[in-house]
Amino acid sequence: MASTPQTSDSHTMAQGGMDLLRFATAGSVDDGKSTLIGRLLLDSKSIFEDQLEAVESTSVSKGYDYTDLALLTDGLRSEREQGITIDVAYRYFATPTRKFIIADTPGHIQYTRNMVTGASTADLGLVLVDARQGLTEQSRRHAVLLSLLRVPHLVLAINKMDLVDWSEEVYEKIHREFTTFATKLNIPDLEVIPISALQGDNVVNRSENTPWYSGPTLMHHLEHVHVASDRDLVDTRFPVQYVIRPKSDAYHDFRGYAGQVAGGVLKKGDEVVVLPSGMPSKIAKVELFDQEVAEAFPPMSVTVHLEDDVDVSRGDMIARPKNAPKPSQDIDAMICWMTNEPLKPRQKLAIKHTTRTGRAMVKDIQYRLDVNSLHRDQDTKELGLNEIGRVQLRTTVPLLCDPYSKNRTTGSFILIDEATGVTVGAGMINSGS
Amino acid sequence: MTNTHVDYQLSQLDQLEAESIHIFREVAAEFEKPVLMFSGGKDSIVMLRLAEKAFFPSKLPFPLLQVDTGLDFDEVLSTRDSWVERLGARMIVATIDEAIAAGHVVDDGKTSRNRMQIGTLLGAIEEHGFTAAFGGGRRDEEKARAKERVYSHRDDFGQWDPKMQRPELWSLYNGRIHAGEHMRIFPLSNWTELDIWHYIHREQIEIPSIYFAHEREVIERDGMLLSLGPEIQPKGNEQVEKKMVRFRTVGDRTQTGCVESRATDTAAIIDEIAIARVTERGATRGDDRFSEAAMEDRKKEGYF
């Protein structure tokens, strides 16, 4: 591979070659989420001296008995003044084996919009519950949203175990309750971990207070959970993003189709079809910068050359002749609505799906999903802010789409208000026809 | 031709690169008049490298814009010139002195050159009609950045309103703007300082020599080491000392401090950073130290 990192004797040099885990956290301030994130950052030595000093001095001036780690992830001044968290904040830390990106979403106001945003790119969702409270409506809701967004791995962290005397019974009860609830959801991988974020038990270091617990610590699980197989390496999907034509003397006939692989593997000699035209061709070569690469797979950004001089432009998709999405203008999708003015039938919006943009009209709102009870309200006529529902759309351009359950890239879209330009909806495709 | 991937895994650095290249291409495809804000610092040089990869073998489909404070390090300017020449890029330089003359900014004798960059930058964006401006900001740098979108919307006045940010889902970026508005684009959002150095090391990227340890006459002031120069002279009982130092960021000469270091190559810098205990901005940027919310305020006004 052109981009294989150089090796070095130094152990810190390994960072360039390690892998990446993106995870989303959900939970309210009371569940100790900020404290937990502060703990992960601190114990992985991602907190710098000046940051820690600032937090220590603030804790002292507020009269706390201990350093409030939650202050480490404290946000903007305008938020502190109003005592709210505005939206998703991204945090970074690394251990010797992995780099982590946390999408930290507030549990309360605007929770759905923010959680859906944070979960859209996550490999793993971390739901926090207070051991004293057990499962709440909010924790169920978080699990439903993570499942809807097809986040493949879920961790239920039962926090504040110190306040229930490290009771195995409490742990087992919450575990059972959650497992029963989760049977209605799509959660391929679940880990339930008893922790104390405040004291650090089972966060990075194994706790002596939970001899009955044989599972991993939170950090160990985050470091080792297997995410590579979550990608689709079978169904080739290459949305063309940009056509590279240098028009220079040195590269007179160069015509490359640039984009990020959304599924499958592309290599020289593959028979392909360009959608929506249906024109067949063969891959002449795949390049990454000035190097030819043997294979391209998700999420590589590459440039593909075809053998034939076919007409290809931005918004088209390269797939395989016997495995290609059917161009669809009638879209059945779950939509999360993100703005005050409700979504109504016959409403017209701009739609962006992969690299393709068009217009969409709402044909029907089939039902509104109650994210607490999973009840489907079929009498609804509209979707309000932070509501999720099943919607039928008609688009002006055919979408080259897959079900979201098969491919999170070719199965998702955003809806844009054409007057304000604001992103007002997020869609997950059930099917297209 | 390179070997087949057996496990179809991309390292985190390759994933970051792929994401950034995707962002560059998306902006070039959807915006009428993008520009890359180039400071000559390591982050903006990494941006240039990623842009080079995104459009190869075409030249960059947008110009570079630099705000010249008149106080830039010579080493930074010469590295800039070498990059611009190699890529055949178009370079626009907006100077603070010109902006003062044009009335975009007022020099009251108290405002730092850093702060005056804001008016200069917004003046240049408006004058050229740029609709998208790439910046090298990273979310790990600072609290106010942690909530920044990859596409960050700016109104007619170039201001950032944290409450009006658009939700950003999957890798679907919304580039819609109205006339007079523009979008700031941050392709390095998910990179950390360490990632930047790993990438510079791996790609053998040319950066200004002042990032590497060298001997320099410095003065310690307010806990920062400042480089002796026309603007920085000893006051009171301050001592001029000769030390081995390097710069972790390159702003203007009067605001940017250096740190003691023996690191003369990228591998040594990576080792040093991996154990560094002070954030790069906290250590060496006077402009961020005035208040805890300094960056938040400057961002709202239209800073990089």
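Biologist: Into which domains is chain A divided?

Modeller: This is a predicted model, in which local features need pLDDT of at least 70, side-chain atom pairs count only at pLDDT 80 or more, and totals for chains, interfaces and linings use all residues. Residues are numbered from 1 along each chain as its sequence is written, while chains are lettered from A and ligands numbered from 1 in the order in which they are written. The domain bounds come from an automatic or database domain assignment. For chain A they give domain 1 (11-230), domain 2 (238-319) and domain 3 (327-432).

Biologist: Which element gives the largest share of the side of domain 1 of chain A that touches domain 3 of chain A?

Modeller: Two residues are in contact if their C-beta atoms, placed from the backbone, lie within 7 Å; 12 residues of domain 1 of chain A are in contact with 13 residues of domain 3 of chain A. Helices (H or I, at least four residues) and strands (E, at least two) are DSSP runs, numbered from the N terminus. On the domain 1 side, α4 (111-120) and α5 (137-148) of chain A are the elements that give two or more residues. The largest share, six residues, comes from α5(A).

Biologist: How are α4(A) and α5(A) oriented to each other: roughly parallel, roughly perpendicular or oblique?

Modeller: Axes are lines fitted to C-alpha atoms, for helices over the stretch in contact, and angles run from 0 to 180 degrees between N-to-C directions. The two helices, α4(A) and α5(A), pack at about 45°, with their axes 9 Å apart. Angles under 35 degrees count as roughly parallel, over 145 as roughly antiparallel, 65 to 115 as roughly perpendicular and the rest as oblique. Therefore α4(A) and α5(A) are oblique.

Biologist: Which residues of α5(A) meet α4(A)?

Modeller: The α4(A) side consists of A:Thr112, A:Met115, A:Val116 and A:Ala119. Their counterparts in α5(A) are A:His142, A:Leu145 and A:Leu146.

Biologist: Which are the edge strands of the six-stranded sheet of chain A?

Modeller: Two strands pair if DSSP finds at least two bridges between them. This open sheet has the order β2-β3-β1-β4-β5-β6 (chain A), with mixed pairing. Each edge strand pairs on one side only, and these strands are β2 (89-94) and β6 (189-194) of chain A.

Biologist: Which residue in β6(A) stands opposite A:Leu156?

Modeller: Strand β5 (residues 153-159) of chain A runs parallel to β6(A), and six bridges join them. Opposite A:Leu156 stands A:Val192.
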